[in-house]
Amino acid sequence: MDIIVSNASDKPIYEQITSQLKGAILSGELAEGAALPSIRALANELHVSVITTKRAYADLESQGFIDTVQGKGSFVAGGNLELLREERLRQMEGHLQRALDEAQAAGVSLADLHEMLDALADAD
């Protein structure tokens, strides 16, 4: 799993780390129970502050994506498939809202937008 941080991004580095780890968990790239790098190891690998990685891990833990065991490390949380599903649904709603906003700005009707979505679904 590769995490890429950009100093040019408008998102803070801890949010970049959080979103990429969350994406890896949601996609199944990081399976339930998988060990994450230690906070210090990830900070060294990404050349960022330990405080930055600690903040990212704390956010993921508060959202229920990872569990931290004192003295053992952080692991992908298990057994909360409903939480993961809800997060994916929220992400999809955000994408759909952006598509709807773009369609409205371009003068594309809702019917045409439905046709585009149907065509994309049929292409897969």
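## Overall layout

Helices (H or I, at least four residues) and strands (E, at least two) are DSSP runs, numbered from the N terminus. Read along the sequence, this protein chain runs α-α-α-β-β-α-α. That pattern holds five helices and two strands. With a radius of gyration of 18 Å, well over the 14 Å that the globule rule gives for 124 residues, the chain is more spread out than a compact globule. The radius is taken over C-alpha atoms, and the globule rule is 2.2 Å times the number of residues to the power 0.38.

This is a predicted model: local features need pLDDT of at least 70, side-chain atom pairs count only at pLDDT 80 or more, and totals for chains, interfaces and linings use all residues. Residues are numbered from 1 along each chain as its sequence is written, and side-chain values use heavy atoms, with hydrogens and water left out.

## Extent, surface and charge

Along the principal axes, the C-alpha atoms fill a box of roughly 55 × 35 × 25 Å. How much of the chain is buried? Of its 124 residues, 23% count as buried. Buried means under 20% relative accessible area, exposed means over 50%, and partly exposed lies in between (1.4 Å probe, protein chains only).

The chain exposes about 8500 Å². Carbon and sulfur atoms supply 53% of that area. Accessible areas come from the Shrake-Rupley method with a 1.4 Å probe; for residues, only the protein chains shown count as cover.

Now the charges. There are 10 positive and 20 negative side chains. The centres of the two sets lie 12 Å apart. Lys and Arg count as positive, Asp and Glu as negative; His and the chain ends are not counted. Each charge is placed at NZ of Lys, CZ of Arg, CG of Asp or CD of Glu.

Contact means heavy atoms within 4.5 Å. Take the contacts between residues at least 6 apart in sequence: 47% join residues at least 24 apart.

Thr-18 sits in helix 1 (residues 13-27). Is Thr-18 buried or exposed? Its relative accessible area is 5%, so Thr-18 is buried. Leaving aside residues up to four places away in sequence, Thr-18 touches Ala-56, Asp-59 and Leu-60.

Ile-4 belongs to the segment before helix 1. Ile-4 counts as exposed, at 62% relative accessibility. Which residues does Ile-4 touch, not counting those up to four places away in sequence? They are Gln-16 and Gln-20. The C-alpha atoms of Ile-4 and Gln-20 are separated by 8.2 Å, with the two residues 16 apart along the chain.

Strand 1 (residues 66-69) pairs with strand 2 (residues 73-76) in the antiparallel sense, over four bridges. Two strands pair if DSSP finds at least two bridges between them. Ile-66 has Val-76 as its bridge partner. Val-69 stands opposite Gly-73.

Side chains alternate along strand 2. Ser-74 and Val-76 point to one face and are buried.

His-47 is in the loop between helix 2 (39-46) and helix 3 (50-62). Its phi is near 60°, a positive value in a residue other than glycine. Most residues other than glycine have a negative phi. His-47 is exposed, with a relative accessible area of 74%.

Asp-118 lies in helix 5 (residues 110-123). At a relative accessible area of 48%, Asp-118 is partly exposed. Asp-118 and Lys-22 are 96 residues apart along the chain, and their C-alpha atoms are separated by 28 Å.
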